[in-house]
Amino acid sequence: MTEPKSLGQLELEVLKIVWDHPGSSVPQLTDALLQNKDYARTTILTVVQRLHKKSFLTREKQDGAFRYYPTDSKESVMGGMTKRFIEKTFDGSASSLIQHLTQTKLSTAELEEMRSIIDQAMKNEEQN
């Protein structure tokens with residue numbers, strides 16, 4: 001079995017923008033990223049090319065410029081990243097992750113939201 005493709009932080013930032021704005025060009029991606037940090041256009045171009053090579057993005061040429069589209073949904077990619085994180089960090093135990101989260105400084109509202117999410121997951125599991 002092949003190792004799933006990983007994403008670096010900037011790759012993930014670019015991918016998030018493409019999920020929100022499919023059909024973005026490199027200049028559009030650069031403009032969006034420049035709102036938070038100073039990146040060179042060539043850096044963004046390199047990251048976009050890497051994402052295309054890793055099959056996270058497809059592209060179409062329109063009016064002389066490539067437009068980039070995600071190949072998978074945000075939920076699918078994030079789900080895979082979360083699963084790999086749990087496997088590597090918590091030996092595959094999601095309950096160990098939850099235990100760790102509850103020992104951090106979470107607000108009552110965050111804990112209640114986690115409880116609600118778990119309750120809904122249990123309800124869905126019972127229905128299946």
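Me: Is glutamate 11 buried or exposed?
Reply: Keep in mind that this is a predicted model. The cut-off for buried is under 20% relative accessible area. Glutamate 11 has 4% relative accessibility, so it counts as buried.

Me: How many salt bridges does a search of the whole structure find?
Reply: Let's go through them. Glutamate 11 meets arginine 50 in a salt bridge, and glutamate 11 also meets lysine 54 in a salt bridge. The search of the whole structure gives a total of two.

Me: How many residues apart are glutamate 11 and lysine 54?
Reply: Glutamate 11 is in helix 1, while lysine 54 lies in the loop between helix 3 and strand 1.

Me: Which residues are linked in a network of salt bridges?
Reply: Glutamate 11 takes part in a salt bridge with arginine 50 and in another with lysine 54. Arginine 50 is partly exposed at 41%, and lysine 54 is partly exposed at 23%. The linked residues are Glu11, Arg50 and Lys54.

Me: At what angle do the axes of helix 2 and helix 3 cross?
Reply: Helix 2 covers residues 26-34 and helix 3 covers residues 41-53, and their axes come within 9 Å. Helix 2 passes helix 3 in a right-handed crossing. The angle is roughly 115°.

Me: How many nonpolar residues are in the contact of helix 2 with helix 3?
Reply: Helix 2 brings Val26, Pro27, Leu29, Thr30 and Leu33, and helix 3 brings Arg41, Ile44, Leu45 and Val48. Sorted by class, one residue of this contact is polar and one is charged, and the nonpolar ones number seven.

Me: Which aromatic pair is edge-to-face?
Reply: The structure holds two aromatic pairs. Phenylalanine 66 and tyrosine 68 have 50° between the planes, which makes that pair tilted. An edge-to-face pair needs over 60 degrees. With 70° between the planes, the edge-to-face pair is phenylalanine 85 and phenylalanine 90.

Notes: Residues are numbered from 1 along each chain as its sequence is written. This is a predicted model: local features need pLDDT of at least 70, side-chain atom pairs count only at pLDDT 80 or more; totals for chains, interfaces and linings use all residues. Side-chain values use heavy atoms; hydrogens and water are left out. Axes are lines fitted to C-alpha atoms, for helices over the stretch in contact, and angles run from 0 to 180 degrees between N-to-C directions. Helices (H or I, at least four residues) and strands (E, at least two) are DSSP runs, numbered from the N terminus. A crossing is left-handed if the near helix is turned anticlockwise from the far one by less than a right angle, and right-handed if clockwise. Contact means heavy atoms within 4.5 Å. Ala, Val, Leu, Ile, Met, Phe, Trp, Tyr, Cys and Pro count as nonpolar, Asp, Glu, Lys and Arg as charged, and the others, Gly among them, as polar. A salt bridge is a side-chain nitrogen of Lys or Arg within 4 Å of a carboxyl oxygen of Asp or Glu. Buried means under 20% relative accessible area, exposed over 50%, partly exposed in between (1.4 Å probe, protein chains only). Rings of Phe, Tyr and Trp (its six-membered ring) pair if their centres lie within 6.5 Å; planes under 30 degrees apart count as stacked, over 60 as edge-to-face and the rest as tilted.
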